[in-house]
Amino acid sequence: MAPERWEPAAFKARVDEVLRRFVAHEAEQFAAIDPALDPVAEQLQAAVADGKRLRAAFCYWGWRAVGQPDSDALVRAAASLELVHAAAVVHDDLIDDSPLRHGRPTAHIALRDAVRRRPRGATAARSLAMLVGDLLTALAGQLFVTSGLPTAYLARARPLWSVLARELIAGECLEILRTGADPDTTDSLKVIRYKTAKYTVEQPLLIGGALAGADGRLREGYSAYGLPLGEAFQLRDDLLGLFGNPERTGKANTDDIRGHRPTALLAEAWRVAGADERARLRALLGRRDPGGEGLHAVREVMRRLKAPDRVEDMIAARVEEALDALHELAVPTHAAIALTTLAHAATVRPS
């Protein structure tokens, strides 16, 4: 049994072990079909090798806040949400043509070696990566239903999985549809809410709560806490994406510039920019290889327009809203402390 005091490192180790064992077994079964599948099987395992395990943690505390005890079966069920995240990351990197994740080549880059002698090898590698993401999605469902929790508990939470998938894919589609358009803060925040916020915090909490039998009032409280916190998480990620140290973030600083993505950071800069500054941004965004000079120029425009400061204010306001909602919830003290700790872990990250 886990102690009442929240120990994030110990919890992460439990989730890591569940994922390592489960995905290693599935990768072995997959590669046994034909030796040619070995590189694809390796990417299945690489996709779950890193992560803060926030989604699993929110699911776990969605369960514990109802008053349920620690449970290895629940940890397995919670770990399934990390497979959803791994699938989303593989697909997102593919859509954005991102070269790095956690400081390593992304799946569609790493798989080029497997098809380097094939015609249109880069396209073939992208196709393989897409299928890695698809298989991770399927494995998430398998891990959830084989977690060891009672069937009646799983049945309570199963409908939420279709909601999670619908909203996550809607967010991805909205980002694609709005990429390259004139930035708009309201549109950007809607992308953030559906692409990231809901499946990072709100839906894991709701799934954990449903598994535990949470009542309607508590579920409403989970959403009131989870939605602003999830948005704050992604706003922080956008800031780190452009201004963070790649050695710490593990991602290239130029991804959002090169992709002309509809981030709130860009939208806030655009909102107050004059004609000359908008022309400058148009010239810099969407370049295939903006390089160091292009990155520096975009950063300078952003800073001059105080866009990072306004995004920091947006983060702070959302964290405060989330914590205010948490304080209204009738949950055990140890759960409130853990959810407060998670709120800071999700939004205060080294740059």
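A: Glu 175 is buried, with a relative accessible area of 8%, where buried means under 20% relative accessible area, exposed means over 50%, and partly exposed lies in between, as found with a 1.4 Å probe on protein chains only. This is a predicted model, in which local features need pLDDT of at least 70 and side-chain atom pairs count only at pLDDT 80 or more, while totals for chains, interfaces and linings use all residues. Residues are numbered from 1 along each chain as its sequence is written, and side-chain values use heavy atoms, with hydrogens and water left out.

Glu 175 belongs to helix 7, which spans residues 151-178; helices (H or I, at least four residues) and strands (E, at least two) are DSSP runs, numbered from the N terminus. Leaving aside neighbours within four places in sequence, Glu 175 is in contact with Asp 92, Asp 96, Val 191, Lys 195, Arg 261 and Pro 262, contact meaning heavy atoms within 4.5 Å.

A pocket is an open set of points on a 1 Å grid over the protein atoms alone, where a 1.4 Å probe fits and protein lies on both sides within 12 Å along at least five of seven lines, and its lining residues have an atom within 4 Å of a point. Helix 4, helix 6 and helix 7 each supply at least two residues of this lining. The lining has 15 residues, of which His 91, Thr 137, Ala 165, Leu 168 and Ile 169 lie nearest the centre of the pocket. Twelve of the lining residues are nonpolar, two polar and one charged, where Ala, Val, Leu, Ile, Met, Phe, Trp, Tyr, Cys and Pro count as nonpolar, Asp, Glu, Lys and Arg as charged, and the others, Gly among them, as polar.

Helix 7 is likewise among the elements that cover the buried residues of helix 6, and these elements also include helix 1, helix 2, helix 4, helix 5 and helix 8. Among the buried residues of helix 6 are Gly 121, Ala 125, Ala 129, Val 132 and Leu 136. Helix 6 itself has 25 residues and reaches 37 Å from its first C-alpha to its last, close to the expected 36 Å, the expected span being 1.5 Å times one less than the number of residues.
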